[in-house]
Amino acid sequence: MDLAKLYTLAGKTALVTGASSGLGDYFARVMAQAGAEVIVAARRVQKLETLVAEIRDTGGTAHAVALDVSDRDSVRAAFSRIDRFVGKLDIVVNNAGIANSPKKFVDLPEAEWEQLLETNLNGAWRVAHEAARRMRDAGHGCIVNTSSIYSLATGLYKTDYNVSKAALAQLRKNMALELARHGVRVNTLCPGYFSSAINAREFNTERGREYIKRLVPQRLGALPELAGPLLLLVSDAGSFINGITLPVDGGALLAPV
Ligand code: NDP
């Protein structure tokens, strides 16, 4: 066995949603470096264009596609463009997501609850649905949903976010069960805390910094610590991994109650 080739994505195409910042931007760079032709998608197209240029500068292949996962027509239009760009889709990293500022359950306005689920759950469903139909017809494919350790635990004042991420975990199980016979794998990556725009306001405070010190790893994760887990799930190294959830949290979930 050629171990060096185990994690290569050469010859594969990969869509990353939520690629205009944070984890998605990083995932796109990692998969491009591993040899995939990458399609980066989000609402802020200018940021995507910059990312595409940077990937091309390093010898990779990338395309930008405008996508609002909360809008059915936008998702359909984006997939039509993707079909024209690449003709086949081997990998989808279903990563777009938002978080509201923390609120007690009783104070959470219904509009915020709805908006969050529209993006984190319904949006991920729309992307997975479009991708899965294409992968089923092609007889192969791999979908990774970015969930969160909050899908496996509770967290104060984040009911909307936690419920959306827990629902993604169930989505992964049902999809994996139905799609395995078509050669399609569906897994969930559950990052712990990584610095990004989604949590900057929360963590860039004295209280936030104190909170991080009390975590089992006593620090945030660094993006390169997600590269290996991502490549394991999307490459042939993980060809027999299906329907799992993979926490990457430095042990944060081990915290005693
Ligand atoms: P960022 O805020 O940096 O990135 C969020 C991404 O989602 C952006 O690219 C944004 O793009 C995109 N997005 C948001 N809404 C939509 C939409 N309606 N349609 C299309 N794209 C959208 O946060 P992270 O990188 O941290 O988050 C990425 C994922 O990782 C999220 O699902 C998050 O829940 C998850 N996660 C993050 C953790 C962390 O510690 N950072 C921990 C666990 C999970 P744009 O605004 O341009 O549309």
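Which hand, left or right, does the crossing of H4 and H5 have? In this predicted model, local features need pLDDT of at least 70 and side-chain atom pairs count only at pLDDT 80 or more, while totals for chains, interfaces and linings use all residues. Residues are numbered from 1 along each chain as its sequence is written, and side-chain values use heavy atoms, with hydrogens and water left out.

The crossing of H4 and H5 is right-handed, a term used when the near helix is turned clockwise from the far one by less than a right angle. Contact (heavy atoms within 4.5 Å) involves residues including Trp 113 and Leu 117 of H4 and Tyr 161 and Leu 168 of H5.

A search of the whole structure finds 14 salt bridges, each a side-chain nitrogen of Lys or Arg within 4 Å of a carboxyl oxygen of Asp or Glu. One of them joins Lys 12 and Asp 236 at 3.0 Å, N to O, and this pair links distant parts of the chain, 224 residues apart. Glu 206 and Arg 209, by contrast, meet at 3.7 Å and both lie in helix H7, three residues apart, about one turn of the helix.

Methods:
Helix = DSSP H or I, 4+ residues; strand = E, 2+ residues; numbered from the N terminus.
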